[in-house]
Amino acid sequence: MAFKVKFHFLSTFREFLVYHHKSLEFRAKIFASIISAKFDPDEDDFYTLTDIANEIYDNDQTRRDFLIQTTREYVARIKKNDHITLDNLLLSIDKELKDHRRYAKKIDFSHLRRLMSGCEEEILVQQRVYEFLINEVKIYLPNN
């Protein structure tokens, strides 16, 4: 219980406590877009995300924790239909890429492929999200 209270507090003040929190939040949206494409994301998805976060932020436990927690929050909001849908999230990603083209470099497709699992229908939706992100990178980083 104390852990949840701590993260709720930290989540509320993320922008003051985490250096480059917008960049971290962008990454969380990317991961949440793939995970929330599943009908019922489970803890295995977040174990895989934890491994990925450890690779990205190998020397920064706080950023790892915030990335995982923020991703969980986005997935939960989408699944509860809390004024955000997967389409809204993808539109938000597109807007952030328009405003900050350098964010496209933060999309690591090998990480996203590791998160793609589930039944045929889920993987189909994940594949469409994945292709959307590929097209976004092509638009905003045309030389890559």
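Modeller: Start with the term: a cavity is a set of points, on a 1 Å grid over the protein atoms alone, where a 1.4 Å probe fits but cannot get out. Its volume is the space filled by probe spheres set on those points, joined across faces, edges and corners. This is a predicted model, so local features need pLDDT of at least 70 and side-chain atom pairs pLDDT 80 or more, while totals for chains, interfaces and linings use all residues. Residues are numbered from 1 along each chain as its sequence is written, and side-chain values use heavy atoms, leaving out hydrogens and water.

Colleague: Fine. How many cavities of 30 Å³ or more does a search of the whole structure find?

Modeller: One. The largest cavity holds about 50 Å³ of space.

Colleague: And what makes a residue part of the lining?

Modeller: An atom within 4 Å of a point. For the largest cavity that picks out Arg27, Ile30, Phe31, Lys106, Ile107, Asp108, His111 and Leu112. Helix 3 and helix 7 (109-115) are the elements that give two or more residues to that lining, and helix 3 gives the most, with three.

Colleague: How does that lining divide by class?

Modeller: Four nonpolar, one polar and three charged. Asp, Glu, Lys and Arg count as charged; Ala, Val, Leu, Ile, Met, Phe, Trp, Tyr, Cys and Pro as nonpolar; the others, Gly among them, as polar.

Colleague: Why is helix 3 called roughly antiparallel to helix 8?

Modeller: The axes of helix 3 (residues 21-35) and helix 8 (residues 120-140) cross at roughly 150° and come within 8 Å. That angle makes helix 3 roughly antiparallel to helix 8, since the label applies over 145 degrees. The axes are lines fitted to C-alpha atoms over the stretch in contact, with angles from 0 to 180 degrees between N-to-C directions.

Colleague: Which residues meet there?

Modeller: Ile30, Ser33 and Ile34 from helix 3 meet Gln126, Val129, Tyr130 and Leu133 from helix 8. By class, that contact has five nonpolar, two polar and no charged residues.

Colleague: Why is Ser33 called buried?

Modeller: Because Ser33 has a relative accessible area of 0%, and buried means under 20% (1.4 Å probe, protein chains only). Setting aside neighbours within four places in sequence, Ser33 is in contact (heavy atoms within 4.5 Å) with Leu86, Leu89, Leu90, Ile93, Val129 and Leu133. The C-alpha atoms of Ser33 and Gln126 are separated by 8.1 Å, although these residues sit 93 apart along the chain.

Colleague: What makes Leu133 count as buried?

Modeller: Leu133 is at 0% relative accessibility. Leu133 belongs to helix 8, and its contacts, apart from neighbours within four places, are Ile30, Ser33, Ile93, Ile107, Phe109 and Leu112. The Leu133 and Ser33 C-alpha atoms, 100 residues apart along the chain, are separated by 9.7 Å.

Colleague: Now Lys29 in helix 3. Buried or exposed, and how do you know?

Modeller: Buried, because the relative accessible area of Lys29 is 8%. Beyond neighbours within four places, Lys29 is in contact with Tyr74, Leu89, Ser92, Ile93 and Glu96.

Colleague: What about the chain overall: how much counts as buried?

Modeller: 44% of the 144 residues. As for contacts between residues at least 6 apart in sequence, 74% join residues at least 24 apart.

Methods: Helix = DSSP H or I, 4+ residues; strand = E, 2+ residues; numbered from the N terminus. Parallel < 35°, antiparallel > 145°, perpendicular 65-115°, else oblique. 1 Å grid on protein atoms, 1.4 Å probe; cavity = no way out; pocket = protein on both sides within 12 Å on 5 of 7 lines; lining within 4 Å. Buried < 20%, exposed > 50% of the residue type's maximum accessible area, 1.4 Å probe, protein only.
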